[in-house]
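Hi there,

Here is the structure I promised to pass on. Please have a look, and then read on for what I found in it.

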Amino acid sequence: MTETLENRRKKLRIRAWRRGFKEADLILGRYADQALETMSQTDIADFDTLLDQLDADIYSWVIGSAPTPPAFDTPVMTALKRFRVDRDAAFGDGPKR
């Protein structure tokens, strides 16, 4: 049986919020809440693949403390990095542009 797009989005949202690393939860969960509904099939697949990676790796790529490997340097990662800066700055706890 094929999974519906709606169910896939729900599962990704849960995975994004339940990482086990609070900083990753906040970045990935908030991003999923905002972006999942408008993501293309390709972006959904890229986000799904990204969520299979270790929290510490994802977090270091998003905050820029480690270079993003080419396999994960996708439009989703670019949007996630931009989202992180914009959202954290709005909360007063992120980098300023």
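Let me start with helix H3: on one side of H3, Gln41 and Thr42 are exposed. Please keep in mind throughout that this is a predicted model.

Which residues of H3 (residues 41-51) are buried? They are Ile44, Phe47, Asp48, Leu50 and Leu51. Looking down the axis of H3, you will find these buried residues within an arc of 160°, so they line one face of the helix.

Next, a neighbour of H3. Helix H1 (residues 5-17) packs with H3 at an angle of about 35°, and their axes are 11 Å apart. The crossing of the two is left-handed. From H1, the residues Leu5, Arg8, Arg9, Leu12, Arg15 and Ala16 meet Gln41, Ile44, Ala45, Phe47, Asp48 and Leu51 of H3. By class, this contact has seven nonpolar residues, one polar and four charged. Ile44, Phe47, Asp48 and Leu51 take part in the contact and are also among the buried residues of H3.

The other pair to look at is H2 (residues 22-35) with H4 (residues 55-63). Their axes lie 10 Å apart at an angle of about 60°, and the two helices are therefore oblique to each other. This crossing is left-handed. On the H2 side the contact is made by Glu23, Ala24, Ile27 and Leu28, and on the H4 side by Asp55, Ile58, Tyr59 and Val62. Six of these residues are nonpolar, two are charged and none is polar.

Best wishes

Terms used. Residues numbered from 1 in each chain as written. Predicted model: local features only at pLDDT ≥ 70, side-chain atom pairs only at ≥ 80, totals over all residues. Heavy atoms only, no water. Axes fitted to C-alpha atoms, helices over the stretch in contact; angles between N-to-C directions. Helix = DSSP H or I, 4+ residues; strand = E, 2+ residues; numbered from the N terminus. Parallel < 35°, antiparallel > 145°, perpendicular 65-115°, else oblique. Left-handed = near helix turned anticlockwise from the far one by under 90°. Contact = heavy atoms within 4.5 Å. Nonpolar A, V, L, I, M, F, W, Y, C, P; charged D, E, K, R; others polar. Buried < 20%, exposed > 50% of the residue type's maximum accessible area, 1.4 Å probe, protein only. Arc of directions from axis to C-beta.
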